[in-house]
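Let's take a friendly look at how a protein can hold a small molecule. Keep the structure open beside you as you read.

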Amino acid sequence: MKKLDDNVFVFEHPLIKHKISIMRAADTSTKNFRELVNEIAMLMCYEVTKDLPLETYELETPIAKTTGYRISGKTLALVPILRAGLGMVEGIMSMIPTAKVGHVGLYRDPVTHDPVEYYCKLPDDIENRSVYVLDPMLATGGSAVAAIKFLKERNVKSIKFLCLVAADEGINHLHSTYPDVTIYCAANDKELNANKYIVPGLGDAGDRIFGTK
Ligand code: PRP
Ligand code: URA
């Protein structure tokens with residue numbers, strides 16, 4: 001993993017680079033695209049969770065008593081930004097089945113490209129949990145900043161942002177607004193086009209996950 005800045009990391013694992021490249025290809029099917037989103041989220045989860053607190057407990061193997069380890073305390077909530085963030089939930093839940101899931105619904109206004117909120121439902125105890133905000137795309141950063149503002153207004157203290165493709169503009173926007181939020185991206189692209197799509201990117205992640213175009 002490469003550190004771009006304090007709290008900003010880009011994955012360099014060969015499996016992630018391989019899978020992102022297949023996702024970028026315009027002729028990758030919806031089924032394959034969706035599977036790849038989940039697989040990459042699962043691979044990212046391994047690294048992102050490395051600071052989870054552990055506690056010990058006694059257990060008995062078929063041979064002897066020994067010390068076991070388990071993740072301690074109220075731990076995680078996943079908060080996908082609808083729609084496309086939903087695509088990353090299953091991969092992470094397969095590793096952490098006890099995580100709670102909240103939802104923040106945002107879409108980008110097609111003209112202004114500003115995020116518009118349309119839905120929010122979070123676990124009651126969200127302020128006591130570490131939150132992983134999930135969205136495959138970080139373009140201008142407007143959606144990520146809006147979702148994280150929403151969580152901070154609800155007293156969430158520990159936030160990580162996981163995305164697949166991040167543009168420099170989005171990273172800078174999010175990092176300068178909330179430097180305490182750790183950003184993890186599977187790939188870092190340099191540019192946005194006139195419609196604020198990431199170049200080369202992978203197109204509209206929501207449409208490609210759900211087959212809507
Ligand atoms: C996409 C993407 C992010 C946002 C990124 O969502 O999933 O949420 O755009 O762009 P930004 O960094 O410039 O805010 P979109 O608004 O297309 O909604 P969708 O997930 O429902 O397709
Ligand atoms: N949202 C997407 O789905 N793709 C982009 O490239 C930018 C925003």
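A polar contact is a pair of N or O atoms within 3.5 Å; within protein, one atom must be able to donate a hydrogen and the other to accept it, and residues adjacent in sequence count only if both atoms are side-chain atoms. This is a predicted model, where local features need pLDDT of at least 70 and side-chain atom pairs count only at pLDDT 80 or more, while totals for chains, interfaces and linings use all residues. Residues are numbered from 1 along each chain as its sequence is written, chains are lettered from A and ligands numbered from 1 in the order in which they are written, and side-chain values use heavy atoms, leaving out hydrogens and water.

| Residue | Atom in the residue | Distance to an oxygen atom of ligand 1 |
|---|---|---|
| Thr140 | polar side-chain atom | 2.6 Å |
| Gly141 | polar backbone atom | 2.8 Å |
| Ser143 | side-chain N or O atom | 2.6 Å |

Taken alone, ligand 1 exposes 500 Å², and the protein buries 91% of that (areas by the Shrake-Rupley method with a 1.4 Å probe).

Which residues come nearest to ligand 1? They are Arg108, Asp135, Thr140, Gly141 and Ser143, out of 15 around it (a residue counts if one of its heavy atoms lies within 4 Å). By class, this shell has six nonpolar, five polar and four charged residues, with Gly counted as polar and Asp, Glu, Lys and Arg as charged.

At least two shell residues each come from β7 (103-108), β10 (137-138) and α4 (142-153); these are DSSP runs numbered from the N terminus, with at least four residues (H or I) for helices and at least two (E) for strands.
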